[in-house]
Amino acid sequence: MTPPTVQGPTRSSASGPVRGTWALFSAFLLFWLVLEMVNHGGGTIPLGIAGLFTPDLTLFVGPSGSHEAGQLPRGRVPGYNLAHRPVVPLLWLAVCVVLPDPPGTALFTFGIAWLLHIALDRALGYGLRTVDGWQR
C-alpha cells in the first residue's frame, strides 16, 4: 500500500517552446499596450494599468474555504479560471472594436492589458487551476 500523494504548489508542465512562444507574445502585447497608452493617453492609461491586475482580483472573489498554501479555495476556482482564459479578453477586444471611440479605445487598451496578464502568466508557468484549486 502506498501513502497518498500530497498535491502541492506546482507550475505548469508546458514545454519550453510553448512558454517561449507565450513570452514572445507577451513582448508583442507589452509593446502594443504602451503604444496605445502613449498614442491615446487619457483613460487608456489607468485602464491599461488596471487590466494588468484585474484578472488576479478573482483570487479574492467567491466563497472561501479551507485550503493549503498555493491552493485556491474551491469556490474561487471558476472565476479565476474564467478570467485567465485567453478567449475571454479576445472576445472583449472584438466587442471593443465596434464601440464608438470615447469609451472604445480605453476599453480596448484594458483588453490588451488583460491578455498581456494571461500571456505573462503562461510564460512564467502559471496556468489554470484544477477543481481542487491547484495549478495544472
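How many helices and how many strands does the chain have? It has five helices and zero strands, where helices (H or I, at least four residues) and strands (E, at least two) are DSSP runs numbered from the N terminus. Some notes from a read-through follow.

1. Ground rules. This is a predicted model, so local features need pLDDT of at least 70 and side-chain atom pairs count only at pLDDT 80 or more, while totals for chains, interfaces and linings use all residues. Residues are numbered from 1 along each chain as its sequence is written, and side-chain values use heavy atoms, with hydrogens and water left out.

2. Overall picture. Going along the sequence, you read the pattern α-α-α-α-α. The C-alpha atoms fill a box of roughly 65 × 35 × 20 Å, taken along the principal axes. Of the 136 residues, 35% count as buried; buried means under 20% relative accessible area, exposed is over 50%, and partly exposed lies in between (1.4 Å probe, protein chains only). Take the contacts (heavy atoms within 4.5 Å) with a separation of 6 or more: residues 24 or more positions apart account for 71% of them.

3. H2 against H5. Helix H2 (residues 44-53) packs on helix H5 (residues 101-123) at an angle of about 25°, and their axes are 7 Å apart. The axes are lines fitted to C-alpha atoms, for helices over the stretch in contact, with angles running from 0 to 180 degrees between N-to-C directions. That makes H2 roughly parallel to H5. For the wording, angles under 35 degrees are roughly parallel, over 145 roughly antiparallel, 65 to 115 roughly perpendicular, and the rest oblique. The H2 and H5 crossing is right-handed: a crossing gets that label if the near helix is turned clockwise from the far one by less than a right angle, and is left-handed if anticlockwise.

4. Who makes that contact. On the H2 side, the residues include Thr 44, Leu 47, Ala 50 and Leu 52; on the H5 side, Thr 105, Phe 110, Ala 113, Trp 114 and His 117 are among them. The contact of H2 with H5 splits into nine nonpolar, six polar and no charged residues. Here Ala, Val, Leu, Ile, Met, Phe, Trp, Tyr, Cys and Pro count as nonpolar, Asp, Glu, Lys and Arg as charged, and the others, Gly among them, as polar. Ala 50 is partly exposed, at a relative accessible area of 29%.

5. H1 against H2. The axes of helix H1 (residues 16-40) and H2 come within 9 Å and cross at roughly 160°. That makes H1 roughly antiparallel to H2. Leu 33, Glu 36, Met 37 and His 40 contribute from H1, and Thr 44, Ile 45, Gly 48, Ile 49 and Leu 52 from H2. By class, this contact has five nonpolar, three polar and one charged residues.

6. Thr 44, buried or exposed? Thr 44 counts as buried, with 3% relative accessibility. Setting aside residues up to four places away in sequence, Thr 44 touches Glu 36, Met 37, Thr 105, Ala 106 and Thr 109. A polar atom of the Thr 44 side chain also lies 2.6 Å from the backbone oxygen of Gly 41.

7. Ser 26. This residue of helix H1 is buried, with a relative accessible area of 3%. Beyond four places in sequence, Ser 26 touches Leu 116, Ala 119, Leu 120 and Ala 123.

8. H4 against H5. The axes of helix H4 (residues 87-97) and H5 come within 9 Å, crossing at roughly 165°. That makes H4 roughly antiparallel to H5, and their crossing is left-handed. Among the contact residues are Leu 90, Trp 92 and Leu 93 of H4 and Phe 108, Phe 110 and Trp 114 of H5. The tally for the contact of H4 with H5 is 14 nonpolar, two polar and no charged.

9. Asp 56. Asp 56 is in the loop between H2 and helix H3 (77-83) and is partly exposed, with a relative accessible area of 27%. Leaving aside neighbours within four places in sequence, Asp 56 is in contact with Tyr 80, His 84 and His 117. The side chains of Asp 56 and His 84 make a polar contact (3.1 Å). That term is a pair of N or O atoms within 3.5 Å; within protein, one must be able to donate a hydrogen and the other to accept it, and residues adjacent in sequence count only if both atoms are side-chain atoms.
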